[in-house]
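Please keep the sequence and the 3D view open while you read.

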Amino acid sequence: MDPAELATDAAEIARLVECAKELIRTPGAIQSHGSLLAIDVETSTVVVASENAASWLGRTLDQPGSEALAEIVASGSYVDPVRLDWEGVESDAIVHRVDRLVVVEFEPAIAGHEYARTSVVSAIQRLSAITDIGELRRTATASIREITGFDRVTMYHFHSDGHGEIVAEDRHPDLEPYLGLHFPASDIPTQARELYASKLCRAIVSTTEPVIPLVSLGGDKRVLDLSNAELRSISPYHVAYMRNMGQASTVTWSILDHGRLIGMITCAHRTPRRLPVLMRRAIEVLAGQVGLQLSAMTEIAQLRHTIEIRERRAALLAPLYASDDIATALLGGVRTVLDLVPADGVLVSLAGETRSAGVVPPLDGVERALAIMGEGVFTTECVTAEHPELASLLPGVAGLLAVPLGADGSHLLFFRGEEAREVSWLGDPGAANRADQFSPRASFASWKQSVRDRCQPWGTLREEATELGSDLEDALKRRAEARLAELAMRDALTGLYNRRYLLQRLESSPPPGSDDTAMLFIDLDDFKLINDVHGHDVGDGVILEIARRLLANSRPQDIIVRLGGDEFVVLCDGVTRDRAQALAERLVRAISMPVLVGAIVVEITGSCGVVVAGDDSPRENLIEAADAAMYRAKRAGRNRVSS
């Protein structure tokens, strides 16, 4: 069973619905290794207590023997934890507020673990230097197991469909390995994940000890919310789950990405085991560090991928302006659309003309399939299961990604064949491995399921193909406009206007209502070194990125021109001198950001000259005046604006 199939499996959905009914925030009981009091802040009276501290019910904090508790409540700022003598036992008091109640939980202190805080700090320092996601996960799990002494430490990652995967593990040698195994979303249902996103640590000390009920002061019907309690009792479903896994105790820490639960670190032991509060808090900080690093690494990887894709797309589309054969430019050049959207085959349909590359189904079947699919982007990873009406029309196709190009029926279609693979599960998730539909799995031995008739997941390629289609549409429109105006008006590499267009524009009258015309003359500093050191392909990549940045940071009505080589002009009608200066400074800042071309990071800056017609420079002499201003910027130190 594939994770995507399991997420929509009827039995799995039923389990998630059943789990949602469980009152995990208000179970009315706590675990047996501690005790709990809830004090009404207005009356200073204990109104809720665990059954093993029921003698405190109704007691007010001004009574003898309540001094330590009164001091905690009176402070208003709760230190976590407070070490005190509780009922003759040295204990840690953990305090938090729920509505009008101050909740105090007591756990007997555990001696001999003071060193662990130093160990956690050392582990955080080691982790902070790691830049690889896999290494970070492995090191974190190994460090936590070394600090805690638990039998097994695992790190989970949650996929977009809700199911999880064990992505790192450190375990006792005689335990069965779980690394790489998947588990269904119902193992950690939605309401539990919401709780883990706010309460970052959860300790279950024993699955064999009975829970301790909470009792309330007579006549008080309030239900105590234990969402932030350390001692909150265990769900019966989860107790059965742990027992079936051979676990007697666990501690779990959440891994968050901007407040969203993306994973968890879980310690598990075969016998009851309890960590002191301060150690749990310290490892909570460690888990937070892991979450921050994972988020940063993921964002950096996504940024690099985005830059790479944009560069490839720009390189693919740039030649379209000078090409008479669009299909050949897309499919037959050094770079093709399959470099942007990997697939077994691609079909390009433009204005009734169809060309293909790779393995594609018969054209008549594709045309009939398009009529069935309708408008908009269409994606499937399993044609036979998700769209059986298309299967006979597209023989040999498991996955299809179709992107419309305009309103004339033009399309980009990508085809993928079957990729047979196996998914390894943490126990058979099916009914044969459960006592009933809502029971946890009886066995968690690795269980493999063959996946057939599916292609490799499209993932982010749907969005990237959509962006490609949008950019291709725009490129085709620009090309048509340029053809109508005259192809010589465009720069072949960047698609920007060229010198000829600029000269014609300057000879014409400015648009009505825009008396002032500003010209920004930009020259890249030491651009020749880039070509000399990295080659002209990298130089072209830099020029393309600079052109994109100029477009992105200018106004829609501004005219961006590549004069030639590394010289650009921005022509702005209807601007004041101050606004032209501000625009120039914004463009210089944008140019100065590092440019990534393939695996090469290029540092580049630009010098900009600004002149405004209507002051002391006639419109027809703007180029010479702006060029002179630009050279003043270079003489003043480069990477700056001069007027």
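V82 stands opposite A93 in β5. The model is predicted. Details follow by topic.

**The β4–β5 pair**
- β4 and β5 (residues 89-98) run antiparallel, and 5 bridges join them.
- The hairpin of β4 and β5 has 2 residues between the strands.
- In that hairpin, E87 takes a positive phi near 55 degrees.

**The sheet around the pair**
- The sheet is open and has 7 strands, paired antiparallel.
- Its strand order is β1-β11-β3-β2-β6-β5-β4.
- β1 (29-30) and β4 (82-86) stand at the edges with a single partner strand each, so one side of each has no neighbour in the sheet.
- In a regular strand, side chains alternate between the two faces of the sheet.

**Nonpolar cores**
- The largest nonpolar core has 32 residues.
- L520, V542, I546 and F568 have the most contacts inside this core.
- Strands β21 (517-524), β23 (567-573), β24 (595-597) and β26 (606-613) each supply at least two residues of the core.
- Helices α16 (527-534), α17 (536-553) and α18 (577-592) also each supply at least two.
- Which residues does V542 contact, leaving aside its neighbours within four places in sequence? They are F527, I530, V595, V597 and V602.
- A second, separate core has 31 residues, including V153, C267, L275 and I283.
- In soluble globular proteins, nonpolar side chains tend to be buried together.

Key:
Residues are numbered from 1 along each chain as its sequence is written. This is a predicted model: local features need pLDDT of at least 70, side-chain atom pairs count only at pLDDT 80 or more; totals for chains, interfaces and linings use all residues. Side-chain values use heavy atoms; hydrogens and water are left out. Two strands pair if DSSP finds at least two bridges between them. Helices (H or I, at least four residues) and strands (E, at least two) are DSSP runs, numbered from the N terminus. A nonpolar core is a set of buried Ala, Val, Leu, Ile, Met, Phe, Trp, Tyr and Cys residues joined through side-chain atoms within 4.5 Å. Buried means under 20% relative accessible area, exposed over 50%, partly exposed in between (1.4 Å probe, protein chains only). Contact means heavy atoms within 4.5 Å.
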